[in-house]
Structure formats: structure tokens, C-alpha cells
Amino acid sequence: MNWNTIFAKRTRWMRRNAMRELLKVTLQPEVISFAGGLPAAELFPMQRVREAVKQVLDTVGPQALQYGQTEGVGGLRDWIARQFRVQRENVLITSGAQQALDLIGRVLLNEGDRVIVENPTYLALLSAWRPLGVEFLPAPSDTDGMRVDGLEPLWPRQPKCIYLTPNFQNPQGTTLTLARRERLIELARKHGMAVVEDNPYGELRYSGASLPHLFEIDGNVVIHTGSFSKVLMPGLRVGWVVAAQEVIDKLVQAKQAADLHTSTLNQHIAFELATNGCLAEFVPLLRRAYGERRDCMLTALAQHFPQGASWTRPDGGMFLLVTLPKHLNATELLPAALERKVAYVPGEEFHLNGEGRNTLRLNFSNATPEQIAAGIARLGDVLKNTTVDTV
Ligand SMILES: Cc1ncc(COP(=O)(O)O)c(C=O)c1O
């Protein structure tokens with residue numbers, strides 16, 4: 001069978017996720033990986049999860065293993081609704097925030113629609129929405145997030161929606177300022193454009209003051225997505241959408257076709273952990289551990305990276321983005337880094353229009369402080385050797 005003649009046209013826009021391929025190499029124990037977006041598994045509260053599973057099976061009983069409503073488990077929806085001061089009807093539970101983004105794309109976007117994204121942006125959003133045949137309009141960004149004042153040239157293209165991660169963006173780690181949040185909502189209202197606010201990292205703040213969600217500024221134009229992946233554990237695959245009821249209703253129809261509902265058992269476990277004190281204890285522990293790892297990485301970068309390199313200084317989340325001198329190409333440098341048993345993701349992956357060749361994304365949540373210090377020293381060596389060779 002020549003499958004290429006059988007595959008749907010939209011598969012032409014599907015690509016292998018380079019990061020997932022790379023992660024295979026990083027499974028070797030001697031490799032220090034700054035590549036994936038993984039939480040620190042050694043911190044997972046295993047005993048609390050064991051107890052939560054038992055509690056769910058004892059109290060919810062066989063219903064915890066039964067088919068459930070597409071919208072999600074009522075108690076969990078109510079718990080999320082309370083955080084956002086909305087009704088249960090404004091909340092849909094999804095199989096991770098990734099499914100939320102996939103479903104949002106399916107219900108909002110037609111082929112040829114234009115979508116504004118930060119440049120660079122979250123790679124798996126591009127993977128989810130590219131097969132829909134949309135055109136991405138890259139918006140410039142700086143250390144304060146998307147440059148909302150730089151959107152002017154895009155209005156004549158009549159974008160239908162804008163996707164962004166205002167808190168601790170992946171891959172830059174940047175946070176959108178309050179003034180920009182307010183201005184963005186004004187612009188969205190003026191131009192009749194939906195705003196998709198992706199917020200998996202918002203609770204992981206290590207410095208600076210919290211800012212209001214875009215959804216809190218205007219719940220009519222914003223579709224908000226969140227997740228337990230980064231604040232509990234990603235293996236649960238429990239995320240959510242908060243939006244106007246008519247948006248939720250459409251998303252429910254799309255989700256019904258996609259997977260009927262998110263795992264009933266996992267929703268109950270997440271609900272138990274969110275309400276029995278585990279989440280409230282675990283998040284501060286993560287903030288301390290990841291905050292220390294971020295600081296350790298910033299110190300090591302200052303110590304070991306060559307002159308001419310710069311990097312973002314995130315207030316939270318899991319990533320920072322390094323910019324190398326213009327003549328260096330992070331994709332070409334990767335084999336030398338892997339040879340020294342250290343991994344990162346070339347920043348080009350996250351950019352549109354072939355930009356960002358001299359950038360690389362570093363994750364600081366997964367490696368221990370000792371590994372971070374050693375890994376950044378190794379990377380620094382690779383860069384310094386290359387800098388000397390190429391000058
Ligand atoms: C910006 C962003 N959005 C969404 C997701 C998906 O998260 P989830 O595990 O909830 O599907 C991730 C995961 O890395 C992410 O970085």
C-alpha cells in the first residue's frame with residue numbers, strides 16, 4: 001500500500017515533534033537534559049497519591065471507574081469555577097491543556113483563518129493548529145512578553161484569534177505586564193478577536209507579584225486554559241477550559257467526538273489532591289525547589305557562558321531562552337553538546353519564519369541544582385570552543 005496516496009491532505013502539515021525525538025537521546029542516564037519540559041519526578045508526593053487513589057476508590061466506589069459526563073466531574077468543575085468566580089457551566093475538564101488547545105482550534109478555526117501568536121511560541125500549539133490550514137501571524141515580543149503595541153500592522157489581515165501564554169511563557173519564560181494585558185483586551189474588543197490565554201505555569205511564580213489573568217479582565221473575549229500537569233503531575237492528563245457558556249457548549253460537542261470524556265478516575269484523583277490539602281502543600285514546595293534551580297541556572301550561565309550571549313530572567317515557570325551571538329547556530333551546535341552529554345532544544349523550533357537560529361531553550365525544573373551547575377559548565381565549554389573556532 002502506498003500510504004502517502006491514502007493519508008488525508010491535512011497530514012502534510014503534520015510534523016514529528018523534534019523535541020520528542022530528542023528526548024529519546026536524553027533518556028540515557030549520563031545525559032544532563034535541559035531539553036524537555038518535565039517536572040521533577042523525584043518531588044512527586046507519591047504517598048499522598050497512593051492515599052488519594054485509595055480514598056477515591058473507597059468513597060466514590062465503582063462510579064470512579066465508570067463512563068462519565070463529557071463536561072467532567074461536577075465537584076472538580078465547581079472547584080475550578082470558584083477560582084475564576086464563574087459557574088460550573090463555564091468549565092470543561094479536558095485531557096490536559098493540550099487537548100483544550102486542540103479542541104479550541106477545531107471549534108474556532110477554518111482553513112485560511114489568521115491567528116496571531118508570539119514569536120517564539122509554544123511548539124505543540126503550532127502542531128495542533130497547523131493541520132487546520134490556518135496562517136500564523138507572528139507578533140514581536142521582548143522581555144515583557146508580546147509587544148502589544150507592535151500588532152498594528154496585523155489588523156488589516158483581520159486575525160480571528162490570538163494565542164498567548166501571558167505567564168512564564170514557553171519557551172521564553174517571559175511574563176506579560178499589566179499594562180500590556182489591559183491594552184491587549186482593549187484591542188481584542190475593538191477588533192472582534194478571540195483571545196486564547198494558555199496558563200499552565202501561572203501558579204509557579206518564584207519572584208515578583210501575581211498579575212490578573214486576561215480572563216479576569218474580560219471573560220467575554222478570553223478563552224482560558226489551565227492544567228494540573230505542572231502543579232501536580234502531568235501523567236494525570238487533567239486540564240481545563242474556562243470560557244463563556246456558548247464556547248464551552250461547542251467544545252463539549254468537539255470533545256464528545258474526540259474522547260467522550262477525560263479519565264473519570266484521574267479527575268477524581270486530581271479533585272481529591274486539590275481539596276485534601278496536598279495541592280496547597282505541594283505548590284509552595286515546587287516554588288522553592290524550582291526557584292532554587294532557576295537561580296542556580298542564572299548563576300551558572302553568568303559564570304560559564306561566553307561574552308555576547310544573553311538570556312531571559314523568568315519570574316516563574318520552567319524555561320529560559322538564551323540568545324547567542326548572531327553567527328552561532330544552536331541547531332548546528334547540538335551534536336557537540338550531546339557528545340558532551342548535555343541537551344537543550346534549539347530555539348528555531350519555536351520560531352516562525354526561520355528566526356531564532358542563534359537561540360536555545362533551557363529547562364530548569366527537571367535537573368537537580370548540581371546537574372544544572374555541571375551541565376551549564378559543559379555547555380559553556382562547547383560554546384567557548386565553537387566561538388574560538390569560528391572567529
Ligand atoms: C505553554 C503550554 N501549554 C500547554 C501545555 C500542555 O500541558 P498539558 O500537560 O496540560 O497538556 C504545555 C506543556 O508543556 C505548555 O508548555
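## Ligand site

An oxygen atom of the ligand sits 2.6 Å from an N or O atom in the side chain of Ser229. Ser227 also places a side-chain N or O atom 2.6 Å from an oxygen atom of the ligand. For Arg237, a polar side-chain atom lies 2.8 Å from a ligand oxygen. In this report a polar contact is a pair of N or O atoms within 3.5 Å; within protein, one atom must be able to donate a hydrogen and the other to accept it, and residues adjacent in sequence count only if both atoms are side-chain atoms.

Which residues are closest to the ligand? They are Ala97, Asp198, Tyr201, Ser227 and Ser229, out of 14 residues that surround the ligand.

## Model and conventions

This is a predicted model: local features need pLDDT of at least 70, side-chain atom pairs count only at pLDDT 80 or more, and totals for chains, interfaces and linings use all residues. Residues are numbered from 1 along each chain as its sequence is written, and side-chain values use heavy atoms, with hydrogens and water left out.

## Two domains

The domain assignment gives domain 1 (16–37 + 280–384) and domain 2 (47–275). Such bounds come from an automatic or database domain assignment. The C-alpha centres of the two domains lie 25 Å apart.

In the interface, 28 residues of domain 1 are in contact with 26 residues of domain 2. Contact means heavy atoms within 4.5 Å. Together the domains bury about 2400 Å², with 59% of it on carbon and sulfur atoms. Buried area is the accessible area (1.4 Å probe) that two parts lose on being put together, summed over both. Asp315, Phe350 and Leu352 supply 27% of the area that domain 1 buries against domain 2, more than any other three residues.

Two salt bridges cross the interface of domain 1 and domain 2. A salt bridge is a side-chain nitrogen of Lys or Arg within 4 Å of a carboxyl oxygen of Asp or Glu. Arg287 forms a salt bridge with Glu203, and their closest N and O atoms are 3.4 Å apart.

On the side of domain 1 that touches domain 2, α11 (278–304) and β12 (319–323) each supply at least two residues. Helix α11 gives the most, with eight residues. Helices (H or I, at least four residues) and strands (E, at least two) are DSSP runs, numbered from the N terminus. By class, this side has 13 nonpolar, eight polar and seven charged residues. Ala, Val, Leu, Ile, Met, Phe, Trp, Tyr, Cys and Pro count as nonpolar, Asp, Glu, Lys and Arg as charged, and the others, Gly among them, as polar.

## A helix salt bridge

The whole structure holds 17 salt bridges. Asp102 and Arg106 are four residues apart in helix α5 (residues 96–108), so about one helical turn separates them.

## Backbone details

Asn119 and Pro120 are joined by a cis peptide bond, with omega about 10°. Pro120 lies in the loop between β3 (114–118) and α6 (123–129).

The peptide bond from Asn170 to Pro171 is also cis, with omega near 20°. Pro171 lies in the loop between β7 (161–164) and α7 (178–191). Phe168 is found in the loop between β7 and α7. Phi of Phe168 is near 55°, a positive value in a residue other than glycine.

Key
A residue is near a molecule or strand if one of its heavy atoms lies within 4 Å of it.
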